[in-house]
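Visitor: Hi, I'm new to this one. Could you walk me through it?
Guide: Happy to. Let's bring it up first.
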Amino acid sequence: MSGDLPIQSVTADYAQRVADDLAANHSEQERVRSELARLQDELVRLEESEQVLTKMQEVLGGTPKQTVKQREGGKGAAVPAARGSNRKKAAGKAAAAAGRKTSKKTVSPKKAGEPTWLELTTAYLGGQSEPRSAAEVAASLTETHPERTVQVTVVRNSLEQGVAQGLLERSKQGRSVFYSPTVAVTVPSGS
């Protein structure tokens, strides 16, 4: 009997260490997930600032074409590596190709009566049965609105604006972010 006691003690010690290591692993995963979410939010804010600054530069007569070329060169290798599936890569490449093709044209300001990007993105997602990524939404808008310059960044910012206004919901699956419309609550009209 005295020989069994140390074996049980060693087994219990190992079991406790494994349980402690597992708990530490879970807490580290949560820390990294929260940091990743914070960084993604910061990236969205920076991309929105970039859009505003680019528009201001265009208004002031700067040379935004040069910054677009620099941006494409810097992001070109990193963005496809971050995407998960071939379907998403194809949608992203299609949207990027459409953006490059249309960027050579003179971009005209939004005409009166044209829907905003937020209206276009929420309308598109309203007709979908499952969540879509920003690249998928941009690719679809490129096909349905060839007269407009569609940029994935602008679409992503519009989707995030929809999330902020409670019109859309954001869900994450691994590294990918998907958007879907919120469940509409019907409110009787007062008039």
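Guide: One term before we start: contact here means heavy atoms within 4.5 Å. Also keep in mind that this is a predicted model.
Visitor: Got it. Which residues of H5 meet H6?
Guide: On the H5 side they are Trp117, Leu120, Thr121, Tyr124 and Leu125. Their counterparts in H6 are Glu136, Val137, Ser140 and Leu141.
Visitor: And what classes do the residues in that contact fall into?
Guide: The contact of H5 with H6 has 6 nonpolar, 2 polar and 1 charged residues.
Visitor: At what angle do H5 and H6 cross?
Guide: Their axes cross at roughly 100° and come within 11 Å. Angles of 65 to 115 degrees count as roughly perpendicular, so H5 and H6 are roughly perpendicular to each other.
Visitor: OK, what about H5 and H7, how are they packed?
Guide: H5, residues 117–126, packs against H7, residues 152–164, at an angle of about 75°, and the axes are 9 Å apart. That pair is therefore roughly perpendicular as well.
Visitor: Which residues make that contact?
Guide: H5 brings Trp117, Leu118, Thr121 and Leu125, while H7 brings Val154, Val155, Ser158, Leu159, Gln161 and Gly162. By class, the contact of H5 with H7 holds 6 nonpolar, 4 polar and no charged residues.
Visitor: How many residues are in the largest nonpolar core?
Guide: There are 15. Among those with the most contacts inside the core are Trp117, Leu125, Val137 and Leu159. H5, H6 and H7 are the elements that give two or more residues to it.
Visitor: What does leucine 125 touch, apart from its neighbours within four places in sequence?
Guide: Leucine 125 is in contact with Arg132, Val137, Leu159, Leu168, Tyr179, Ser180 and Pro181, with those sequence neighbours left aside.
Visitor: Switching to strands: do S1 and S2 run parallel or antiparallel?
Guide: Antiparallel, with 6 bridges joining S1, residues 168–173, to S2, residues 176–181. For example, glutamate 169 has serine 180 in S2 as its bridge partner.
Visitor: How many residues sit between the strands in that hairpin?
Guide: The hairpin of S1 and S2 has 2 residues between the strands, and glycine 174 takes a positive phi near 70° there.
Visitor: Last one: is glutamine 51 buried or exposed?
Guide: Glutamine 51 is buried, because its relative accessible area is 15% and buried means under 20%. This residue is found in helix H1, residues 4–59. Leaving aside neighbours within four places in sequence, glutamine 51 is in contact with Gln151, Thr153, Val154 and Asn157.

Terms used: Residues are numbered from 1 along each chain as its sequence is written. This is a predicted model: local features need pLDDT of at least 70, side-chain atom pairs count only at pLDDT 80 or more; totals for chains, interfaces and linings use all residues. Side-chain values use heavy atoms; hydrogens and water are left out. Axes are lines fitted to C-alpha atoms, for helices over the stretch in contact, and angles run from 0 to 180 degrees between N-to-C directions. Helices (H or I, at least four residues) and strands (E, at least two) are DSSP runs, numbered from the N terminus. Angles under 35 degrees count as roughly parallel, over 145 as roughly antiparallel, 65 to 115 as roughly perpendicular and the rest as oblique. Ala, Val, Leu, Ile, Met, Phe, Trp, Tyr, Cys and Pro count as nonpolar, Asp, Glu, Lys and Arg as charged, and the others, Gly among them, as polar. A nonpolar core is a set of buried Ala, Val, Leu, Ile, Met, Phe, Trp, Tyr and Cys residues joined through side-chain atoms within 4.5 Å. Buried means under 20% relative accessible area, exposed over 50%, partly exposed in between (1.4 Å probe, protein chains only). Two strands pair if DSSP finds at least two bridges between them.
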